[in-house]
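Visitor: I am new to this structure and would like to learn how its features are read. Could you take me through them slowly, giving the general idea before each case?

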Amino acid sequence: MIAGRATPEGTRRFAARSAAAAGHFRTAAGLSLSSIGLGTYLGKEDAAADAGYEEAVAAALDAGINVFDTAINYRGQKSERAIGRALAKAFSEGRASREEVFVSTKGGYLPHDADDARDARAYILSTFVDTGLAPREEIVRGGHCMTPVYLADQIARSQDNLGLETIDLYYLHNIEAQRASLEAAEFRRRLLAGAELLETAATDGRIGAWGLATWDGLRVPPEHPEHLALSEVLGVAREIAGDSHHFRAVQLPVNLVMAEAIAYPSQEATEERLSALQAARALGLAAFGSASILQGRLAGDLPEEVLGAFPEAGTCAQSALQFARSAPGMTAALVGVSRPEHASEDFALAKVPPAAPERVLALFAEA
């Protein structure tokens with residue numbers, strides 16, 4: 001296991017020696033984080049995809065990118081393992097140090113293990129359900145659990161997969177699945193129990209901080225059954241640990257097609273309803289955008305008004321990524337990259353300053 005975690009001094013050092021453009025690094029929780037991050041959701045569960053992600057990690061570090069995001073259920077735990085191997089190699093080669101790199105992962109779904117010979121269902125049942133780590137009565141929608149004992153197990157597995165003693169940011173993954181399946185009081189009970197475990201894990205150094213990684217939960221209105229209220233989650237964190245809580249970040253889709261996080265007032269975080277990104281900023285939370293190029297679907301044939309809005313971007317993929325990273329309140333826009341040519345294209349944007357947020361808002365208003 002590699003000791004340490006991302007630190008203010010380490011991430012500032014990484015930013016200072018990078019050749020990135022002004023504005024590429026943002027400060028969140030005292031850390032200097034790149035406005036573009038590597039995501040690892042897509043790809044087959046095979047060695048070729050592993051190799052692609054490992055090459056992408058090296059390319060990202062060389063381009064001035066120090067944000068890496070994964071989840072235990074991505075590619076049957078293989079994405080975490082690929083990131084872990086790549087970072088260990090990068091550290092040993094002196095490409096970066098542990099203190100300079102920010103790593104996030106997620107837990108909640110029952111993951112299979114692509115490196116285990118058993119059928120996925122058999123593995124999940126024997127490993128998590130039959131052992132009581134994920135009690136049947138706590139599982140919703142056939143595959144989501146957030147009990148304390150289960151989350152503790154998942155953190156330990158992710159530490160092992162990544163080879164890291166401390167995970168910088170650990171997300172509760174898509175807990176809107178629980179929200180939509182339970183009465184409000186029971187959901188809050190489960191959220192409180194899970195958050196207590198995460199606060200303990202942060203206190204003892206297994207994780208640096210925790211957050212919510214969502215798909216729909218933060219973008220839908222309060223009356224929607226999957227709605228997650230940031231103010232409620234922050235209240236739970238403060239109930240457990242007061243102002244010393246470790247609830248620090250959110251992750252949600254932000255792209256040219258899914259722009260609700262920018263402009264739709266889904267959150268009742270203040271006296272007026274705010275968009276998810278506005279609410280996160282008002283509550284002091286870092287915000288990480290997923291699906292920045294919508295799994296490659298925004299990498300071509302964009303409207304002329306979009307290309308014209310970001311003339312500094314040389315390709316459609318870069319225009320889409322420029323939109324996402326430049327959204328007001330955004331910390332880092334995540335992009336999945338597992339091919340060298342895509343790494344070269346997407347990560348080159350680190351040498352281009354982000355667009356003024358007003359340009360993003362104007363484009364959305366025109367749309």
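Guide: Grid points are joined across faces, edges and corners, and a volume is the space filled by probe spheres set on the points. Please keep in mind that this is a predicted model, in which local features need pLDDT of at least 70 and side-chain atom pairs count only at pLDDT 80 or more, while totals for chains, interfaces and linings use all residues. Residues are numbered from 1 along each chain as its sequence is written, and side-chain values use heavy atoms, with hydrogens and water left out.

Visitor: Which residues line the largest cavity?

Guide: The lining of the largest cavity is made of Ile 175, Arg 179, Phe 187, Leu 191, His 227, Leu 228, Ala 229, Glu 232 and Val 233, and the space inside is about 40 Å³. Helices (H or I, at least four residues) and strands (E, at least two) are DSSP runs, numbered from the N terminus; in those terms, H7 and helix H8 (230-241) each supply at least two residues of this lining. For the classes, Ala, Val, Leu, Ile, Met, Phe, Trp, Tyr, Cys and Pro count as nonpolar, Asp, Glu, Lys and Arg as charged, and the others, Gly among them, as polar, which gives six nonpolar, one polar and two charged residues around the largest cavity.

Visitor: What volume does the largest pocket have, and which residues are closest to its centre?

Guide: The largest pocket holds about 740 Å³ of space, and of its 35 lining residues, Tyr 41, Leu 42, Ala 291, Gln 295 and Gly 336 are the closest to its centre. Strand S10 (332-336) and H13 each give at least two residues to that lining, which by class has 15 nonpolar, 14 polar and six charged residues. The second largest pocket, with a volume of about 260 Å³, is lined by 17 residues, and Ala 29, Leu 31, Asp 168, Gly 208 and Ala 209 lie nearest its centre. Its lining has 12 nonpolar, two polar and three charged residues.

Visitor: How is a nonpolar core read, and how many residues does the largest one have?

Guide: A nonpolar core is a set of buried Ala, Val, Leu, Ile, Met, Phe, Trp, Tyr and Cys residues joined through side-chain atoms within 4.5 Å, where buried means under 20% relative accessible area, exposed over 50%, and partly exposed in between, with a 1.4 Å probe and protein chains only. The largest core here has 89 residues, and those with the most contacts inside it are Ile 207, Trp 210, Phe 247, Val 250 and Phe 347. Helix H7 (residues 184-203) contributes the largest share of this core, eight residues. A second, separate core has 15 residues, including Ala 6, Phe 102, Ala 209 and Ala 332.

Visitor: Is Ser 104 buried or exposed, and what does it touch?

Guide: Ser 104 lies in strand S5 (residues 102-107), and because its relative accessible area is 2%, Ser 104 counts as buried. Contact means heavy atoms within 4.5 Å, and, leaving aside residues up to four places away in sequence, Ser 104 touches Phe 68, Asp 69, Thr 70, Leu 169 and Tyr 171.

Visitor: How does one check the span of helix H3?

Guide: The expected span of a helix is 1.5 Å times one less than its number of residues. For the 16 residues of helix H3 (residues 78-93) that span should be 22 Å, and the end C-alpha atoms are 22 Å apart, so the two agree. The buried residues of H3, among them Ile 83, Leu 87 and Phe 91, pack against strand S3 (36-39), helix H2 (47-63), strand S4 (67-69), S5 and helix H5 (148-162).

Visitor: Which residues other than glycine have a positive phi?

Guide: Most residues other than glycine have a negative phi. Arg 141, however, has a positive phi of about 50°, and Asp 301 has a positive phi near 60°. Arg 141 lies in the loop between helix H4 (120-129) and H5 and is exposed, with a relative accessible area of 55%. Asp 301 sits in the loop between S9 and helix H11 (304-309) and is also exposed, at 80%.

Methods
On a 1 Å grid over the protein atoms alone, a cavity is a set of points where a 1.4 Å probe fits but cannot get out, and a pocket is an open set with protein on both sides within 12 Å along at least five of seven lines; lining residues have an atom within 4 Å of a point.
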